[in-house]
Amino acid sequence: MEDMYGWMEETFRAAGAEVLPYKKYLEPMGDATHECGAARMGMDPKTSVLNPFCQSHEVRNLFVTDGSCFVSLPGTHGITTLMMALSWRASDYLGDLMRKREI
């Protein structure tokens, strides 16, 4: 999270924003944090890591169903429910692929 604050400030300054003083709050990992953006979801493998079912474009049997498919944090309220819904959807899709013997 310390690194995140550094990158955030650097990005804002590069965009011409003024960074006002603020309190840097560091929560313990996994406490109330949702690490996002490491495996963007989308249709185009050139701009995303996962398809709309959270399946890797490059590794057919890899499904990523945590918050890393989000390009940004969509808020903290209900995020766990959203992740569970995406996991359920991905599991249904995987089950269909397995029944069809496509994976």
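Modeller: Before we start, a quick definition: buried means under 20% relative accessible area, and exposed means over 50%. Also keep in mind that this is a predicted model.

Colleague: Thanks! So which residues in α2 are buried?

Modeller: In α2, the buried residues are Ile79, Met83, Leu86, Ala90, Gly95 and Leu97.

Colleague: And how many residues does helix α2 have, and how far does it reach?

Modeller: Helix α2 covers residues 79-99, which is 21 residues. From its first C-alpha to its last it reaches 30 Å, close to the 30 Å expected at 1.5 Å a residue.

Colleague: What about α1, how far does that one reach?

Modeller: α1 has 13 residues and spans 19 Å between its first and last C-alpha, close to the expected 18 Å.

Colleague: What follows α1?

Modeller: Gly16 follows α1, and its phi is positive, near 90°.

Colleague: OK, and what happens just after α2?

Modeller: There you find Arg101 with a positive phi of about 60°, although Arg101 is not a glycine. Most residues other than glycine have a negative phi.

Colleague: Is Arg101 buried or exposed?

Modeller: Arg101 counts as exposed because its relative accessible area is 76%, and the cut-off for exposed is over 50%.

Colleague: Switching to the loop between α1 and α2: what is the phi of Cys54 there?

Modeller: Cys54 sits in that loop, and its phi is near 65°, a positive value in a residue other than glycine.

Colleague: Buried or exposed, that Cys54?

Modeller: Cys54 is buried, with a relative accessible area of 0%.

Colleague: Where is Ser56, and which residues is Ser56 in contact with?

Modeller: Ser56 is also found in the loop between α1 and α2. Leaving aside neighbours within four places in sequence, Ser56 is in contact with Val49, Leu50 and Leu62. Ser56 is buried too, at 9% relative accessible area.

Colleague: What lies 2.9 Å from a polar atom of the Ser56 side chain?

Modeller: That would be the backbone nitrogen of Val59.

Colleague: Last topic, the surface. Which residues form a nonpolar patch?

Modeller: Met1, Met4 and Leu26 form a nonpolar patch on the surface, and together they have about 240 Å² of accessible area.

Colleague: Where is Met4, and why does Met4 count as partly exposed?

Modeller: Met4 is in helix α1, residues 2-14.

Definitions and conventions
Residues are numbered from 1 along each chain as its sequence is written. This is a predicted model: local features need pLDDT of at least 70, side-chain atom pairs count only at pLDDT 80 or more; totals for chains, interfaces and linings use all residues. Side-chain values use heavy atoms; hydrogens and water are left out. Patches are made of residues with over 30% relative accessible area and no salt bridge: like charges are joined within 9 Å, nonpolar side chains (Val, Leu, Ile, Met, Phe, Trp, Tyr) within 5 Å. Accessible areas come from the Shrake-Rupley method with a 1.4 Å probe; for residues, only the protein chains shown count as cover. A salt bridge is a side-chain nitrogen of Lys or Arg within 4 Å of a carboxyl oxygen of Asp or Glu. Helices (H or I, at least four residues) and strands (E, at least two) are DSSP runs, numbered from the N terminus. The expected span of a helix is 1.5 Å times one less than its number of residues. Buried means under 20% relative accessible area, exposed over 50%, partly exposed in between (1.4 Å probe, protein chains only). A polar contact is a pair of N or O atoms within 3.5 Å; within protein, one must be able to donate a hydrogen and the other to accept it, and residues adjacent in sequence count only if both atoms are side-chain atoms. Contact means heavy atoms within 4.5 Å.
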